[in-house]
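I opened my notebook for a friendly look around this model. Here is what I looked up, in the order I got to it.

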Amino acid sequence: MPEQPLDYFLADKPGAELTHSLIAEASRTLRRNRNEYLATLGNEQIISKLVEVANLWRSPDYPLRQMALDADPEETGFPREVLAAGLDACFADWTQEKFFMLLTQEFGDPTRLQSFASQPNRTYSMVNSPPLIAHIAPGNLPVPVFQSIAFGLLLRSAQFVKCASGKSLLTRLFGHSLHFVEPGMAATLEIAEWDGGNESLESALFAEAYCVTVNGGDKTVESIRQRLPLAKTLVGYGHRVSFGYVEKQANEVMGTQTVISHAADDIVAWNQHGCLSPHVIYVEENGSLNPARFAEMLAVELEARNETMPRGPVSTREAAAISTARRFYKIRAANNAGAMLWESEDSTDWTVVHEDERQFQSSPLNRFIFVKPIEHIDEALHVLEPIRESVSTVGLAASEARMRDLALPLARWGVPRICPLGQMQRPPLAWRHDGRPPLGELIRWANLETA
Amino acid sequence: MTNFTSLTEACDAVSAFIQRCAGDPNADGFGELALGLFVFQFAHNTPFSNLCQAENLTPETVGDWRDIPTVQTRAFKSLDLSVLPEADRETLFRSSGTTPVDRSRHFHCAETLTVYHASLWPWFAGHLVDESANRLLFLVPALGQAPESSLVHMMDIVAKRLTKREHCFAADGQWRIDCQSAVDFLHDCATQNEPVTILGTAFSFVHLLDYLDTEGIDFQLPSGSAAMETGGYKGRSREMPRPKLHQAITAKLGVASGRIICEYGMCELSSQAYDGKLGQANAAPRLFRFPPWARARVVSPETLADVELGQSGLLQVVDLANVGSALSLQTEDLARRHADGFELLSRVELTESRGCSLMNLTHA
């Protein structure tokens, strides 16, 4: 499979004319399929199929995986090696155990998805899933969409995934693998693409859906919030930024090269796209690893990574942002104005800027990283105040004991996710995106109180 | 190679070249003059010479004007890129911005300002002055109210050069349009059948057009009227795509679309580009052209080499009129290269674009 061209989802049919009534009709069909089949399945059945899909995607010779890796990077957003590593990291976590852990984390007792389960004080509760979820897929990474679809299936919800024009390939390939493994489940999934903001199509979708999830820019989330009827649930994830933090003794405990290597892992993962990738790595001063030396070693590591996992071509706009930032830091570096720069030759493949200025700095991405010295965590939290509301993930390099010491002030300050450096783009399946429950926000509870 | 022993000598040589170009747009000498200025700036502009040394592109190693190291326009925000001793920095042009660190600093003295004037006037006149003796409505502050704006300085020179024409500066020091004065002036032009040229930033035009909308006023300005619009919003008004803005200027003011000219300039440059000439039909796409003493290049952001015709890249400008600062600049604009000019595409997005407006009004 599949020798014939992909032809199942709306997005498979180039030139198919989407209309308000077509979207409405497709949504109703999805709901009907869900009621007749998906809603009758047990947790084990659904999870075993999801694990089967993940196992297919992890096989190097799986045809759909190969199609994804062979696709034009312009279509997928990533060159082969970067995409392969990202897919492997995602699907490695799709195990039966982890899916059940997710259900337990969210609902206490996974049987609540099908019937009442007891709570203290002679009350019972069960989960009421939305019959149809609409997902507005992000344009940058494919993985969050795969997870959203898996979560929707766990809830036994029909799902309509709206992708940006020309950006649906990976989502469709994933959908086709589901169709291959379990056509009944795939019959509750539709994938279509159009440019965001199409009022006619989106009003049809929003009218039919019970819950809308949005991963995207703050403007996209806000625009949908304004157009969504009050009774509908909106689960919106806007723009967030992340950074790394290297504690001053980390290199003594972990080995300098390991710390450098972990930092590089986070920079090359998905070429820094997505909210979990670091823009800046703060390195504590007064340790045995000087921040400028850290930057220099990181540059060497990024050059080596570019051999094994090339960044690949980027758009003129992206390259221009890198080139502009480089040119700016180059003259500052030449004037000893508190900046040093290391860069790939004759390309924008990777860039490391060491800058004394401690304020958070947004990177132009695509393997452009700032390394900044910092005295201690309190100073970091002080200079990061302007982005306090926007932080997603902090990747820490520290001994286990120091990690706990550092995590507490970070968490109290508002950081929703703290993980080891090197794992920033590999959140566990059950992670709480922006500190919010992955399934809990999609559902409603039904309570039964007995005498 | 020309070796300048003083700023006066360098300024005089550039002014003479500009004058020569007026008679002969293909006048020889651009490369030699550029290299001469490079040597001069290398000797007197310390932040620039530090850059050149770091890149090993010095007068000893550079033999082609295309190899002169470019200065990122953004660097004017944090470094004093000037050949002038501090005591001689009489005039300061700053880009707009909310805090001092957001604003570029371009220093001038009387001599470099003379070159600036010599550069701006003939190219402005060649594009925006024709046989209709238009009145002038400036949607910018008068010089006394915004002395650090290069655009205001330029408009002041235009007003002085066209001193016989009636004019009005209709904005205050905060760039707020005095809409009533503007409307009174336009009304007078209309009733007297005097064509008028309206000059301003995109956001000033939006403010004026919004006011006309609110008040229900439509002008049909006399034939021969014109508009010069220079880009940038900087969050001062809602943003309109350029074609829409031009349509609105035609619809609300009655300025013929062929008589709306865009200017491309910035405080870090001393020459300007225009995308059309009054009285000449504009073909699509509209191409910007600098005068012969400033040359634009579109380079690949990956390799910084010239892109092929039809390809897009970063816009660099080598402006001989930048005698007192740095002549070779890398802008934050993306452009497409054409045989006879460049098409302006968009700004480089320097930080995560989602949720942020990064349009930068560098000229005002």
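What covers the buried residues of α5(A)? I noted first that this is a predicted model. Then I looked at the cover, which includes α2 (43-58), α3 (63-70), α4 (73-76), α7 (143-154) and α13 (256-268) of chain A.

**Entry: the buried side of α5(A).** I listed the buried residues of this helix as Val82(A), Leu83(A), Gly86(A), Leu87(A), Cys90(A) and Phe91(A). They sit on the same side of α5(A), because their arc around the axis is only 145°. That spacing made me recall the helix rule: with 3.6 residues a turn, residues three or four places apart point the same way.

**Entry: helix lengths.** After α17(A) I found Gly414(A), with a positive phi near 130°.

**Entry: the two domains.** I took the bounds from the domain assignment of chain A: domain 1 is 10-239 + 433-449, and domain 2 is 241-420. Their centres, over C-alpha atoms, are separated by 32 Å. I found 12 residues of domain 1 and 14 residues of domain 2 in the contact. On the domain 1 side, α5(A) gives the most, with 4 residues. I sorted that side of domain 1 into 6 nonpolar, 4 polar and 2 charged residues.

Note on methods: Residues numbered from 1 in each chain as written. Chains lettered and ligands numbered in written order. Predicted model: local features only at pLDDT ≥ 70, side-chain atom pairs only at ≥ 80, totals over all residues. Buried ≥ 20, exposed ≤ 12 C-beta atoms within 10 Å, placed from the backbone. Helix = DSSP H or I, 4+ residues; strand = E, 2+ residues; numbered from the N terminus. Arc of directions from axis to C-beta. Contact = placed C-beta atoms within 7 Å. Domains from an automatic or database assignment. Nonpolar A, V, L, I, M, F, W, Y, C, P; charged D, E, K, R; others polar.
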